[in-house]
2 protein chains.
Amino acid sequence: MPGSSTYRIVVALDAVETVRTAYRLVDVLCEKVYGFKLGLPLLLRHGPKVAGRLRSLCPSAAWIADLKLADIGAVMKATVETIIDDVDAVIAHSFVGARGALDELKEYLDARGRKLILVATMSHSGAEEVYDKALDLIDFVIERVQPWGLVAPATRPSLVERLRRKHPNTVILSPGVGAQGAKPGTALCHGADYEIVGRAITSSENPLGSLEEIGATQMEVLRQCRRERH
Amino acid sequence: MPGSSTYRIVVALDAVETVRTAYRLVDVLCEKVYGFKLGLPLLLRHGPKVAGRLRSLCPSAAWIADLKLADIGAVMKATVETIIDDVDAVIAHSFVGARGALDELKEYLDARGRKLILVATMSHSGAEEVYDKALDLIDFVIERVQPWGLVAPATRPSLVERLRRKHPNTVILSPGVGAQGAKPGTALCHGADYEIVGRAITSSENPLGSLEEIGATQMEVLRQCRRERH
C-alpha cells in the first residue's frame, strides 16, 4: 500500500449518491489522503468495476473495499472475487470467527497480495450491546487470523487504546470521526494509525476545505495529546 | 410472503456462477419450494436488478436478499435501497445490535412492507469462537428488534431448539443442510420452519431430482422425529 500522504485520513465514499460525485471527490482529494474506502451501497448500485475506474484516477492511494464481510469462507471469497483486482484491502467482521471463515479469506487474500482488515468493534451505540462485550473472544480471532489492519471506533477511544495494546503490530483505522461525533485526532492520540472520515468531507460543499480543516484539527489534537502524555 | 409450497425448503442461489444457471434453477424449482435466497456474490456480479428478473419467473416464491448486513443503520438502509423493490425479506446480523443499527433497519423495512430476518448464529465451525458464546446477548437484540425471522444453523440443532424456545413466534430458517453436513429434516425436527439448501441442489446435475430427494428425506426425518417426541 502507498505510504506517503498529507493527512492520516481515509475518505469513506459510502454515502456518495452518484459516481460523478465520487469521481470529483477522488480527483480533488487524491494526494492529500492515505486512501479511499468504498462502501457496499456504492458497489451494489454501480457494480464492483467502479472501483477500478475510481482507482485509475488516484493510483497512489490505498483502496479499501468495505464490504463488511460476515459469512462463511466460500461466500466471502466469492464476494471478494468480484473486486479483488481493483482494491488493496478488504474489510471483514471478526465476529464470524476463524475456522471455516476468516482463515479461508486470509489465505485467499494472502495468495493474491491483498490485505485483510478486520472490524474489531463498531462506532455506533448498538456496538455496546454485543460487539464490545465479546471483545475478549474477538482478541483470540485477531491473534489467530493476523490481519494487516483493524477497524476500531474513534467514538470510543478507550477501545482503540485497548486494541493498540493487545495488537501492537496491527494497523488501526478508526471510523466515527466528524458526522458520528468523534473529534479528529482523538483516535490517533489513542493509538490509531488512520482516521476514517465520510460525510463531514463527502457531503461538504468544499470537500478539500473540509479535509484540510479536519486534517489541521487532527494534527493539533495529536500534538497536544503527545505533550500531555510525555 | 407466499405460504403454500411442496417442501419447506429455501434454495440458496449463492454459489450460482451465471445468471443463466440461476434462471434455469428458478424455472425448474418454482412451485416446489418456499423461496429463494440471493447471495451477495450473485448480486454484486450481476447487479441488484437481477433479483427482479429472477423474481418475475416465480412471483409465488418468497424472495430473500442474503446481504448478511452488518453495518450502522444508515449504511444498511442505503444498501437495502438498491434491492428493496424486488425482494420480500432481507437478512442482517443480530451481532451489530439494535441502537443506531437494526432498530433503524427494522423501521425502514416495516415502512416498506418488507421483512427482516436476523442471523442468530451461523453454520460453520468458526461460529463457535464468538457468535455462539454471545447468544445470551443476541437474545436481547432479537427481543428488542422483533424480526420476522431468524437464521439458525441446521449443523447445531441444539441451538435451533434453544432459539425456538426463546422466540416462539419467530420464523426460523436453517442453513447448513446438504453440502455443509446437516441431514435434511433435522432442523425442522428441532423447531425450524424452513431449511436452506444450496449446493446440494444448485450444483446437482438434476436439481429437481435432488430437491425431491432432499424433500422426501426431510419429511421422513420429521415424521420419525415427531413419533419419537410424542
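Colleague: Which residues have the most contacts inside the largest nonpolar core?

Modeller: Keep in mind that this is a predicted model. The largest nonpolar core has 182 residues. Those with the most contacts inside this core are A:Phe36, A:Trp63, B:Phe36, B:Trp63 and B:Phe95.

Colleague: Let's pick B:Phe36. What does B:Phe36 touch, not counting residues up to four places away in sequence?

Modeller: Contact here means heavy atoms within 4.5 Å. Leaving out those sequence neighbours, the list for B:Phe36 takes in B:Val10, B:Val11, B:Leu13, B:Val26, B:Leu29, B:Cys30, B:Cys58, B:Ala61, B:Ala62, B:Trp63 and B:Ile64.

Colleague: And the two chains, what rotation superposes chain A on chain B?

Modeller: The shift along the axis is 0.0 Å and the RMSD is 0.0 Å. The two copies are thus related as by a two-fold rotation axis. The rotation itself is 180 degrees.

Colleague: Which residue of chain A comes closest to the rotation axis?

Modeller: Go by the C-alpha distance, which is 2.8 Å for the residue you want. In chain A, that residue is A:Leu44.

Colleague: Now the helices. At what angle do H4 and H5 of chain A pack?

Modeller: Helix H4 of chain A covers residues 73-81, and helix H5 of chain A covers residues 98-111. H4(A) passes H5(A) in a right-handed crossing, and their axes lie 8 Å apart. The angle is about 35 degrees.

Colleague: By class, how many residues of each kind are in the contact of H4(A) with H5(A)?

Modeller: On the H4(A) side, A:Met76 and A:Val80 are among the residues involved, and H5(A) brings others, including A:Leu105 and A:Tyr108. By class, the contact has 8 nonpolar, 2 polar and 3 charged residues.

Methods: Residues numbered from 1 in each chain as written. Chains lettered and ligands numbered in written order. Predicted model: local features only at pLDDT ≥ 70, side-chain atom pairs only at ≥ 80, totals over all residues. Heavy atoms only, no water. Least-squares fit on C-alpha atoms with pLDDT ≥ 70 in both. Axes fitted to C-alpha atoms, helices over the stretch in contact; angles between N-to-C directions. Helix = DSSP H or I, 4+ residues; strand = E, 2+ residues; numbered from the N terminus. Left-handed = near helix turned anticlockwise from the far one by under 90°. Nonpolar A, V, L, I, M, F, W, Y, C, P; charged D, E, K, R; others polar. Core = buried A, V, L, I, M, F, W, Y, C linked by side-chain atoms within 4.5 Å. Buried < 20%, exposed > 50% of the residue type's maximum accessible area, 1.4 Å probe, protein only.
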